[in-house]
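Reader: Can you walk me through the charged pairs in this one? Please keep it short.
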Amino acid sequence: MEDSERVAIAAHLHVVLRRKTGRVTDTEWMACNQPYAQAMVEFARHHARARQDGELERLAQRLEESWTAPKPRPASSPPAEDSVAMKAADILRTSARYIGGLR
């Protein structure tokens with residue numbers, strides 16, 4: 001699944017959680033940090049079961065599937081080591097910005 005699709009799903013879940021539970025989430029973090037996303041999925045599912053909320057359950061399921069679905073790769077070439085290193089650097093930079101902004 002494309003990162004932009006995951007961001008869209010996370011944004012939709014964010015809006016629904018805010019409206020229905022009052023919970024404020026971080027959409028960008030939910031889209032790039034799997035443990036945080038899983039915690040929000042569990043929170044959404046718990047609330048969905050307690051209130052029989054099909055919409056919230058469906059969004060939680062979509063976000064979880066976005067993390068478990070394999071990303072499509074071009075058949076012509078395997079991923080370069082440089083691209084893997086750049087992706088790791090992006091995650092670290094995002095993490096530092098997020099953690100640094102919690103003051």
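Author: Here is a quick chat about salt bridges in this predicted model.

Reader: How many salt bridges are there?
Author: The count comes to six salt bridges.

Reader: Why do such side chains pair up at all?
Author: Side chains of opposite charge can pair when their charged atoms come close.

Reader: Which residue does Asp53 bridge to?
Author: Lys20. Their closest N and O atoms are 2.8 Å apart. Asp53 sits in the loop between helix H3 (34-51) and helix H4 (54-68), and Lys20 in helix H1 (residues 3-21), so the pair ties together parts 33 residues apart in sequence.

Reader: Is Asp53 buried or exposed?
Author: Asp53 is buried, at 11% relative accessible area. Lys20 is partly exposed, at 28%.

Reader: New topic. What does Glu57 pair with?
Author: Glu57 makes a salt bridge with Arg45, with 3.3 Å between the closest N and O atoms. Glu57 is in helix H4 and Arg45 in helix H3, so this pair links distant parts of the chain, 12 residues apart.

Reader: And how accessible are they?
Author: Glu57 is partly exposed, with a relative accessible area of 26%. Arg45 has 8%, so Arg45 counts as buried: the cut-off is under 20%.

Reader: What about Arg45 and Glu64?
Author: Their side chains meet in a salt bridge, 2.7 Å from N to O. Arg45 in helix H3 and Glu64 in helix H4 are 19 residues apart. Both Arg45 and Glu64 are buried.

Technical notes:
Residues are numbered from 1 along each chain as its sequence is written. This is a predicted model: local features need pLDDT of at least 70, side-chain atom pairs count only at pLDDT 80 or more; totals for chains, interfaces and linings use all residues. Side-chain values use heavy atoms; hydrogens and water are left out. A salt bridge is a side-chain nitrogen of Lys or Arg within 4 Å of a carboxyl oxygen of Asp or Glu. Helices (H or I, at least four residues) and strands (E, at least two) are DSSP runs, numbered from the N terminus. Buried means under 20% relative accessible area, exposed over 50%, partly exposed in between (1.4 Å probe, protein chains only).
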